[in-house]
Amino acid sequence: TVRDALALAEADRPLGIAEHWRAMKRLDGSLECVKSTAVSMVDSTRSNDRGKGVSRSHDVLGWRAKVAVLVPSTNTVVQPDFDDIRQAFKEQCGVEGLTNHVARISIPNMDISDNDGFAKLQAMIPLEVDAAAERCMSAQCDHLAMGM
């Protein structure tokens, strides 16, 4: 159900890829049904730093939430997907004030069709991920996502 999918989205932990796709499948075509929940879920991001002495930027476009997205430099899908999600929230749910802030994790374009190639990729990503996260978080983002 939509409520099950939203419960996964609200979980205070990263979703595994299988959980992510199950949640997306449950929400597919149902965005109109979750408008009020989506608004309250996104609005709750501003309460995350209460009492922590964090000073937020007053972003003109990302006034509701700014999402930092880390993406391997060779990935051509994640950034457009995040843009589509943001646009769907705006058009189908009326949720505005969300922005994506993408940083590329610099890696060479390499063959990952076998376990050895994928293991090499996994070894390279940690070498660059901190620098990419710093670039995104300098915009004082509310959330950090890693798209693979």
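Residues are numbered from 1 along each chain as its sequence is written, and side-chain values use heavy atoms, with hydrogens and water left out. Because the model is predicted, local features need pLDDT of at least 70 and side-chain atom pairs count only at pLDDT 80 or more, while totals for chains, interfaces and linings use all residues.

Three strands form an open sheet in the order E2-E1-E3, with parallel pairing. Strands (E, at least two residues) and helices (H or I, at least four) are DSSP runs numbered from the N terminus, and two strands are taken as paired if DSSP finds at least two bridges between them. E1 (residues 65-72) is joined to E2 (residues 98-105) by eight bridges; valine 69 has valine 102 of E2 as its bridge partner. The chain passes from E1 to E2 through helix H4 (residues 78-93), and this β-α-β crossover is right-handed (with the strands pointing away from the viewer, the path from the first strand over the helix to the second runs clockwise). Four bridges connect E1 to E3 (residues 143-146). In E3, histidine 143 is the bridge partner of valine 67, and methionine 146 is that of leucine 70. E2 and E3 stand at the edges of the sheet with a single partner strand each, so one side of each is left without a neighbour in the sheet. On average, neighbouring strands are turned by 25° against each other, direction ignored.

All eight residues of E1 are buried, so this strand is largely enclosed by the rest of the structure. Buried means under 20% relative accessible area, exposed over 50%, and partly exposed in between (1.4 Å probe, protein chains only). Ala65, Val67, Val69 and Val71 point one way from E1, whereas Lys66, Ala68, Leu70 and Pro72 point the other way.

H4 lies across E1, E2 and E3 and runs at about 175° to E2. Helix H5 (115-137) also packs on the sheet; H5 touches E1, E2 and E3, and its direction makes about 145° with that of E2. Axes are lines fitted to C-alpha atoms, for helices over the stretch in contact, and angles run from 0 to 180 degrees between N-to-C directions.

The largest nonpolar core has 12 residues, including Ala68, Leu70, Ala103, Ile105, Leu121 and Ile125. Such a core is a set of buried Ala, Val, Leu, Ile, Met, Phe, Trp, Tyr and Cys residues joined through side-chain atoms within 4.5 Å. E1, E2 and H5 each supply at least two residues of this core, and the largest share, six residues, comes from H5. Apart from this core lies another, of five residues, among them Ala65, Cys93, Val95 and Leu98. Leaving aside neighbours within four places in sequence, alanine 132 is in contact (heavy atoms within 4.5 Å) with Leu70, Ala103, Arg104 and Ile105.

Two loop residues complete the description. Asparagine 75 lies between E1 and H4 and counts as buried, at 14% relative accessibility. Beyond its neighbours within four places in sequence, asparagine 75 is in contact with Arg104 and Met148. Glutamine 140, in the loop between H5 and E3, is partly exposed, with a relative accessible area of 30%. Glutamine 140 has a positive phi of about 55° although it is not a glycine. Most residues other than glycine have a negative phi.
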